[in-house]
Amino acid sequence: MGPGYRRLLLLCVLLGVPIALACFFFVGLQHQLQHWVWNSLPEAVGYDAPPWWWPLPALLLAGLLLAPIVTRMPGGGGHLPVNGLAGAPVGPRALPGAVLAALATLPLGVVLGPEAPLMAVGSGLALLAVRWAPERESEKAAGILAAAGSTAAISTILGGPVVASVLLIEGAGLAGARLVALLLPCLLASATGALVFTGFGHWTGLEIGALALHDVPPGADPDAGDFLWGVPTAALIAVVISLGRGLGRHTVAWTRRRTAPRTVACAVAVGCCLAAYALITGRSPAEAALSGQATLGVLAADPHAWPVGALIALVACKGLAWGIALGGLRGGPIFPAVLLGTATAVALSGLPGFGVTPALALGISAGAAAVTGLPLSSAVLAVLLTGGDAYDQMPLIVTASVVAFVVAQLVRRTPPSEAGA
């Protein structure tokens with residue numbers, strides 16, 4: 001470990017602080033805007049909850065705001081969510097467009113998560129810092145610092161550095177000394193960032209909407225019935241997620257020509273799906289809108305309050321909206337996929353011998369594995385989210401993650417070596 005690498009580790013610790021602060025205020029502002037659009041504004045105009053038609057003007061506005069960002073700003077508003085979290089890091093020049101696209105559209109109900117914009121913030125700020133280093137060192141450090149910045153950013157909403165670092169290990173496909181050389185900066189940056197991010201949450205009192213389940217059903221040991229139903233349920237989740245991604249790829253091809261008007265059309269189509277959910281179920285369209293973090297928490301806290309028909313409608317309407325958004329809008333793909341997997345599993349938990357708690361755990365794991373192609377990271381995420389119940393559920397969580405990964409690859413007909421994309 002030479003002096004240059006030690007300086008790099010110190011820089012990663014220092015970078016974790018400004019990246020965490022930037023992510024904190026980004027997510028805090030997004031959450032406040034989201035609360036205003038879906039809670040305060042309906043109450044101000046006389047509604048206890050958003051009416052069924054509320055997503056239509058909201059998503060139309062999102063499309064109108066996003067279209068000029070995608071067509072005119074550098075970087076096109078960030079990565080296409082259908083490509084997952086892979087791709088070249090977002091640099092400083094493209095960062096304003098990615099941040100503006102997220103803040104202008106995600107609070108309005110776009111069915112995508114904040115993880116991709118947050119990673120853009122992390123990599124963009126990290127690459128900006130590289131410009132201050134000597135040219136010879138900056139060329140060597142750019143890739144590691146970009147990965148460390150992205151890991152620090154996404155760890156802020158994944159409950160800390162553990163999931164983000166495991167995701168990096170699995171996604172990078174590295175080994176030996178190269179793995180350690182990349183992992184140490186990412187661990188330091190994400191740990192520092194998570195500390196600052198959590199501290200500012202307590203000091204300011206602002207809500208940041210990180211992915212977390214504060215209440216889950218009582219623990220229950222998985223038995224033969226849970227595995228009997230759990231394996232085909234994980235396979236079904238993988239098929240649902242893969243169909244959504246397939247729709248996203250078709251949407252990408254469709255929006256390559258006449259991008260601006262077709263971007264608006266995609267946003268309006270998402271709004272129609274959300275309105276259809278409200279009309280079919282008589283429930284709030286907010287349950288199907290947005291990234292799904294809030295709905296996942298409500299579903300986990302009281303799954304028996306959700307009729308099976310409402311869960312099926314949620315998977316159908318939100319899944320269709322998610323598939324359209326993957327190819328035509330901007331944001332992260334993971335959080336909605338986790339909700340779709342969980343809703344599918346909970347809808348099937350009424351089958352004989354299939355428990356709600358095992359269904360919840362395997363739904364999180366299978367949904368994440370199907371969309372990311374990273375079964376280990378998905379299992380770790382499910383374990384951390386389910387908390388004390390995870391110990392007994394781990395065999396089922398891991399099995400569901402592997403089954404969903406394999407089935408998703410078979411549906412996509414993609415070699416396993418490309419799974420991390």
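Trainee: Is glutamate 287 buried or exposed?

Mentor: Glutamate 287 is buried, with a relative accessible area of 16%. Buried means under 20% relative accessible area, exposed means over 50%, and partly exposed lies in between, using a 1.4 Å probe and protein chains only. Before we go on, keep in mind that this is a predicted model, where local features need pLDDT of at least 70 and side-chain atom pairs count only at pLDDT 80 or more, while totals for chains, interfaces and linings use all residues. Residues are numbered from 1 along each chain as its sequence is written, and side-chain values use heavy atoms, with hydrogens and water left out.

Trainee: Which residue forms a salt bridge with glutamate 287?

Mentor: Here is the general idea: side chains of opposite charge can pair when their charged atoms come close. A salt bridge is counted when a side-chain nitrogen of Lys or Arg is within 4 Å of a carboxyl oxygen of Asp or Glu. In this structure the partner is arginine 283, and the closest N and O atoms are 2.9 Å apart. Arginine 283 is partly exposed, with a relative accessible area of 24%. The count by this rule is one salt bridge.

Trainee: How much can I trust the model, and what is it built from?

Mentor: Look at pLDDT, the predictor's confidence in each residue, from 0 to 100. The chain has a mean pLDDT of 82, and 78% of its residues reach 70 or more. Over residues 415-421 the pLDDT is below 50, yet this stretch has 12 contacts in the model beyond near neighbours in sequence; a contact means heavy atoms within 4.5 Å. As for the build, the chain has 15 helices and zero strands. Both are DSSP runs numbered from the N terminus: helices are H or I with at least four residues, strands E with at least two.

Trainee: How many cavities of 30 Å³ or more does a search of the whole structure find?

Mentor: The search finds one. On a 1 Å grid over the protein atoms alone, a cavity is a set of points where a 1.4 Å probe fits but cannot get out, and lining residues have an atom within 4 Å of a point. Grid points are joined across faces, edges and corners, and the volume is the space filled by probe spheres set on the points. The largest cavity has a volume of about 80 Å³. Its lining includes Leu158, Ile334 and Thr372, and α14 gives the most, with three residues.

Terms used:
On a 1 Å grid over the protein atoms alone, a cavity is a set of points where a 1.4 Å probe fits but cannot get out, and a pocket is an open set with protein on both sides within 12 Å along at least five of seven lines; lining residues have an atom within 4 Å of a point.
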